[in-house]
Amino acid sequence: MGVRVLAAMSGGVDSAVAAARAVAAGHDVTGVHLALARNPQTYRTGARGCCTLEDARDARRAADVIGIPFYVWDMAEQFHEDVVDDFVAEYAAGRTPNPCLRCNEKIKFAAVLDRAVALGFDAVVTGHHARLGSDGLLRRSVDLGKDQSYVLAVLTRAQLDRAMFPLGDSTKAQVRAEAAERGLAVADKPDSHDICFIADGDTKRFLAERLGRAPGDIVDATTGTVIGQHEGAYAYTVGQRRGLDLRVSAPDRTPRYVLSITPVTNTVTVGPAAALDVAAVVGERTVWHGPGGGDIACEVQMRAHGETVPASVRLADGRLVATLGRPARGIATGQAIVCYEPSPDGDIVLGSATIAETS
């Protein structure tokens with residue numbers, strides 16, 4: 001039996017096909033494009049960015065072809081406060097945020113879902129590549145190269161109960177082929193990538209414009225000596241090697257990587273690659289769907305496109321504590337740790353947390 005569904009349409013091929021599939025499934029679908037940019041001319045450069053007038057027009061044309069009502073919701077101010085400002089604040093605090101995850105949490109499945117429910121809609125459908133079956137379990141997409149379950153793992157049970165992800169059983173190539181068959185002009189539109197609100201991809205410049213120049217020391221962890229200078233600690237992330245202004249060679253002549261950022265002293269600490277190894281992770285802001293009590297054997301992913309690592313996970317006072325089965329390298333605070341239960345039917349998301357500590 002069909003329900004009233006709000007289709008979030010970005011102007012790309014995935015969301016257009018997702019909306020079309022919702023209609024084909026018998027649902028009463030209305031399309032909505034989220035205007036997230038204060039200045040819609042500034043958020044796209046080629047395949048980078050999103051939220052431009054071009055994207056809004058592409059979404060409207062797709063809705064016309066599909067045959068559904070279409071609206072534009074201006075959410076620029078909330079997006080700026082909850083995603084852009086959060087992004088800048090996290091870097092200023094020495095952490096490495098994931099704005100796509102925050103957008104899903106705060107915008108697409110909080111503000112939009114809340115408004116949709118208030119307007120009488122039963123669910124929100126999006127073009128994310130992930131599976132959400134009748135069992136209510138969030139699983140990886142069949143297209144592992146496009147899987148987006150990592151950035152959806154922050155969703156609560158209540159949010160998942162009102163979400164639809166129709167593309168999870170299809171590869172990206174199949175989605176594009178279907179879009180062409182349906183006569184959707186976005187069938188060959190390039191995917192947007194990188195951070196949508198940094199259209200030129202220059203994160204360092206973007207942060208510098210908002211946080212200002214803040215010179216400080218780059219310190220070698222093995223000797224404690226100053227071996228370089230930086231123009232702002234916010235421009236660095238754990239595991240980074242390129243872009244370090246090192247004026248003294250390391251004693252062992254090996255490459256140096258960012259090990260930590262300390263905003264209080266405005267210091268970037270660097271060291272050898274082996275010093276990046278992490279054996280345990282503690283996460284906060286936990287969202288958990290898996291079994292409770294005791295140690296849970298699972299696999300964890302700690303960056304958006306990173307590999308999974310076997311781990312033993314337990315919940316303690318609202319925090320997620322993961323002991324890794326093998327060391328992982330270059331894990332940054334501020335990123336998400338997502339726990340998966342391996343399954344031949346698609347790895348199941350058990351829960352997630354924001355990385356607060358590593359050791």
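A: Let us start with the salt bridge, which here is a side-chain nitrogen of Lys or Arg within 4 Å of a carboxyl oxygen of Asp or Glu. Please keep in mind that this is a predicted model.

Q: What else does R140 do, say with Y340?

A: R140 lies over the face of Y340, at 3.7 Å from the ring centre.

Q: How many salt bridges are there in the structure?

A: The structure holds 28 of them. Among them is the one in which the side chains of R247 and D245 meet, at 2.8 Å from N to O; here R247 is exposed, with a relative accessible area of 59%, while D245 counts as partly exposed at 33%.

Q: What about R319 and E284, where do they lie?

A: R319 lies in strand 17 and E284 in strand 14, which spans residues 277-288, so their pair ties together parts that are 35 residues apart in sequence. Their side chains meet in a salt bridge of 3.2 Å, N to O, with R319 partly exposed at 26% and E284 partly exposed at 38%.

Q: Which residues are linked in a network of salt bridges?

A: That network links D14, K146, K172, R176 and D191.

Q: Where is D14 found, and what does D14 touch?

A: D14 is found in helix 1 and counts as buried at 15% relative accessibility. Leaving aside residues up to four places away in sequence, D14 touches G127, H129, L167, K172 and V175.

Q: What does the UniProt annotation cover around there?

A: The unreviewed UniProt entry carries the annotation "binding site", and the positions it covers include G11, D14, L34 and G127.

Q: Where is the place of G11, then?

A: G11 is in the loop between strand 1 (4-8) and helix 1 (13-24), and G11 is buried, with a relative accessible area of 3%. Not counting residues up to four places away in sequence, the contacts of G11 are H33, D55, D58, A59, V186 and K189.

Q: Changing topic, how many aromatic pairs does the count come to?

A: The count comes to six aromatic pairs. One of them is F87 with Y91, an edge-to-face pair at 5.1 Å centre to centre with 70 degrees between the planes; because the two are four residues apart in helix 3 (residues 76-92), about one helical turn separates them.

Q: How are the rings of F87 and F206 placed?

A: The ring centres of F87 and F206 are 6.2 Å apart and their planes are at 65 degrees, so this pair is edge-to-face. F87 lies in helix 3 and F206 in helix 8 (residues 203-211), so the pair ties together parts that are 119 residues apart in sequence. F87 is buried at 1%, and F206 is buried at 5%.

Q: What sits over the ring of F206?

A: The charged end of R210 sits over that ring, 3.6 Å from its centre. Ring pairs also link F206 into a cluster with F79, F87, Y91 and F197.

Methods:
Residues numbered from 1 in each chain as written. Predicted model: local features only at pLDDT ≥ 70, side-chain atom pairs only at ≥ 80, totals over all residues. Heavy atoms only, no water. UniProt positions renumbered as here; feature names shortened; annotations may be inferred. Buried < 20%, exposed > 50% of the residue type's maximum accessible area, 1.4 Å probe, protein only. Contact = heavy atoms within 4.5 Å. Phe/Tyr/Trp six-rings, centres within 6.5 Å; stacked < 30°, edge-to-face > 60°. Lys NZ or Arg CZ within 6 Å of the ring centre and 35° of its normal.
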